[in-house]
Amino acid sequence: MRNKGIKERETFAGKRSGCAAGSQLARLPHDSFYGMNQTELVGMGGEDAVVAKERPWIFGLLVAPSAVVANGIIQGGVLAFLLSQHGIGSGRQSELIFLLGLPTMLYFLWSPITDFLVKRRTWLLIGGVSSGVLMYLAFARGDLTSTSTLVMMFAGACCSQLVISSCGGMMGALRSEKSKRIAGSFYQGGSLGFGAAAVSVLVGLSSRTGQRVLGLVAAGLIALPSLFALFAPEQEEMLGAAFGETMREIWVEFKTTFFRWEALPYTLCMLFPMASGGAVGLLTGVAQKYGVNGDHVAWINGLGGALMMMAGSLAGAKIPARLSAPVVYLSLGVLNAATLGILWLGPMMPGTYYAGVLLYLFTVGTCYAFFTAVVLEFMGDSGKSGSGRYSIINSLGNVPVLYMIRLDGWGGDKWGARGISGVECVVGGVGGALLLAYFLLRKRPANRTIAV
């Protein structure tokens, strides 16, 4: 889907050029490069030249500050481990983690600020450094359950979400469809990889050093990668227009993204249950039923599992950009659900667990990469409000993660070890198949996009 906006032009997708004029592109001033439309860029150097100029792989590094906070410290297990070391029970742990995880669902409320005042990459730097400082102050207080500590951690989590919205706005401003696909793959791969690395480092150091030093290391893992923002692709200046003109353009962008019938199937892609990864944190609880011991669970569902998801995300970059993002995403979602059929219907033995979990985690990673591709296609060009629109759409994608965790848990309570995988296999497979049928049968609109 491509949005109609203030002015229409042909999109880069579908245009392929065999000319070898990449050297012309390299000699262009940077501002000239980003002021050109996609058809002109193709004519000058071809798709590969544009991708090389935009460096989409760097988004795997730009997402690091938020990945350390969300996928490492808060939801990745570091905080739960430290709380357990202080004698805090699992019930209280879950309450605190849920509280500190709220910014990942609510950040659309403040993330639009990254479209204003300074450039998006500057906001990324501000968010990463601020989050690192606040996380250090929280760790340094010692009592992880005190009100002041939780306030600082919550504020740090809010700041880290500025990294997500900034990345979303910058990815939406990439000119090449191939660049966007590669950016989404590396973005998700980096998110998973840096999160897993943070868990390994911080949990490993927790028994060897004090909490103040641990906080200093955590701050470094968050703040230092934010310096990668200095190497982010330079993008056109967003400032300078009169306030009234800017707000008019923002309204047009929101209207052409959300207020049309074509937005409905994309919204359903965000809200339907396929490819949620809801079973990721629940499968460890049934491993023993398959005869898998604790050491193997720690590897398969820990660092090894994170590496499998990261590999799946990066593999998404190899899927041709000419293929429809929703069709690929939904096809992968059906495949992801099918991998759980191994655990649901296979014999209760270790080999079944290993095969089912590893395939499930790999396809979860690939699905996450194409989820980002669907978000970027839904959003269209970044324009003046790309970070805000990206945040709204991406926040919707967290809804099925939460309700599928609850639904999978209900299946486990009702039908035992096979219930978790069985419920997600059926619900995710049916949901993905229904939307896939729509996208395959629909009449494709003309490729259009917002001109910026």
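Guide: Glu424 is part of helix α20, which spans residues 417–441; helices here are DSSP runs of H or I with at least four residues, numbered from the N terminus. This is a predicted model, in which local features need pLDDT of at least 70 and side-chain atom pairs count only at pLDDT 80 or more, while totals for chains, interfaces and linings use all residues. Residues are numbered from 1 along each chain as its sequence is written, and side-chain values use heavy atoms, with hydrogens and water left out.

Glu424 is buried, meaning under 20% relative accessible area with a 1.4 Å probe, protein chains only; exposed means over 50%, and partly exposed lies in between.

With neighbours within four places in sequence left aside, Glu424 is in contact (heavy atoms within 4.5 Å) with residues including Ser276, Gly277, Asn336, Tyr360 and Asp408.

As for the backbone, Ala275 has a phi near 60°, a positive value in a residue other than glycine. Ala275 sits in the loop between α14 (263–271) and α15 (294–315), and is buried at a relative accessible area of 7%. Leu117, a residue other than glycine, also has a positive phi, near 70°. Leu117 lies in the loop between α8 (103–106) and α9 (120–140), and is exposed, at 60% relative accessible area.

How values were computed
Helix = DSSP H or I, 4+ residues; strand = E, 2+ residues; numbered from the N terminus. Lys, Arg positive; Asp, Glu negative; His and termini not counted. Salt bridge = Lys/Arg side-chain N within 4 Å of Asp/Glu carboxyl O.
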